[in-house]
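Work through the exercises below with the sequence and the coordinates open. Each task is followed by a solution in steps.

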Amino acid sequence: MARSIGNVIADSLQLSLGYADRLLKDVEPERFARFASPGGQPIDSNHPAFVLSHLCIYAPRIIEQLGRDDLAVAVEDQIANTGSKDAKCVDDADGSIYAEMGQVVETFQNGYSNAEMALREAADDLLQQPNPGEGRMVELFPTLGSMHAFYCGGHMMMHLGQFSAWRRMESMGPA
């Protein structure tokens, strides 16, 4: 059975999104942007607000690079700034740093739902085009398809693994 490059990438994304949904189960909004604190000792490790805010940045990039402005999803500045690749995850005890859980989750889900659609509809020749980035990322991922495969697979699962570790430290168990 022949599968387009976009469908192969979207299959991986679909798996990642299902995992993200399971990780969100039982997460209370009050704990969403807090460091895990097993035994009352805060652990400086990425919490769900940081992880999902960071991942929110990449869905619009995928959509834009596939030429699908009709599927664009806006990422509010608060989410983009706190999820930037240069941002540091901080414990948000008073809820003033990170966007509310519902807003972050909605942006994440809507963005990647649209990115999945764009990928499934993308022609193979589009995904074979050179990665428009620069530097090390182009060396590692020379085509648009290889870059998006990373964003939708390895990159997403790496950060969702951080979310999973946070759940364990919060005594929530596996997703």
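A residue is called buried under 20% relative accessible area, exposed over 50%, and partly exposed in between (1.4 Å probe, protein chains only). The model is predicted, so local features need pLDDT of at least 70 and side-chain atom pairs count only at pLDDT 80 or more, while totals for chains, interfaces and linings use all residues. Residues are numbered from 1 along each chain as its sequence is written, and side-chain values use heavy atoms, with hydrogens and water left out.

**Exercise 1. Describe the ring pair F163 and W166, then the pair F108 and Y112.**

Step 1. Rings of Phe, Tyr and Trp (its six-membered ring) pair if their centres lie within 6.5 Å; planes under 30 degrees apart count as stacked, over 60 as edge-to-face and the rest as tilted. The count by this rule is five aromatic pairs.

Step 2. F108 and Y112 have ring centres 5.2 Å apart and 55° between the planes, a tilted pair. The two residues are four apart in helix α5, a separation of about one helical turn. Both F108 and Y112 are buried.

Step 3. For F163 and W166 the centres are 6.1 Å apart and the planes stand at 70°, so this pair is edge-to-face. These residues are three apart in helix α9, again about one helical turn, and both F163 and W166 are buried.

Step 4. An α-helix has 3.6 residues a turn, so residues three or four places apart point the same way.

Step 5. Ring pairs also join Y58, F141, F150 and Y151 in a cluster.

**Exercise 2. Which residues of helix α8 are buried, and against which helices do they pack?**

Step 1. Helices (H or I, at least four residues) are DSSP runs, numbered from the N terminus. Helix α8 covers residues 144-152, and its buried residues are L144, G145, M147, H148, Y151 and C152.

Step 2. Viewed down the axis of α8, these residues fall within an arc of 160° (taken from the directions from the helix axis to the C-beta atoms), so they line one face of the helix.

Step 3. With contact meaning heavy atoms within 4.5 Å, the buried residues of α8 pack against α1 (5-24), α3 (58-65), α5, α6 (124-127), α7 (136-140) and α9 (154-169).

**Exercise 3. What surrounds D92?**

Step 1. D92 sits in the loop between α4 (77-82) and α5 (101-121).

Step 2. A salt bridge needs a side-chain nitrogen of Lys or Arg within 4 Å of a carboxyl oxygen of Asp or Glu. Lys and Arg count as positive, Asp and Glu as negative, and His and the chain ends are not counted. D92 is buried but has no salt bridge, since the nearest side chain of opposite charge, R34, is 7.0 Å away.

Step 3. A polar atom of the D92 side chain lies 3.1 Å from the backbone nitrogen of G95.

Step 4. Not counting residues up to four places away in sequence, D92 touches A33, R34, I97 and Y98.

**Exercise 4. Is N7 buried or exposed, and which side chain does its own side chain join in a polar contact?**

Step 1. N7 belongs to helix α1 and is buried, at a relative accessible area of 17%.

Step 2. A polar contact is a pair of N or O atoms within 3.5 Å; within protein, one must be able to donate a hydrogen and the other to accept it, and residues adjacent in sequence count only if both atoms are side-chain atoms. The side chains of N7 and R120 form one of 2.9 Å.
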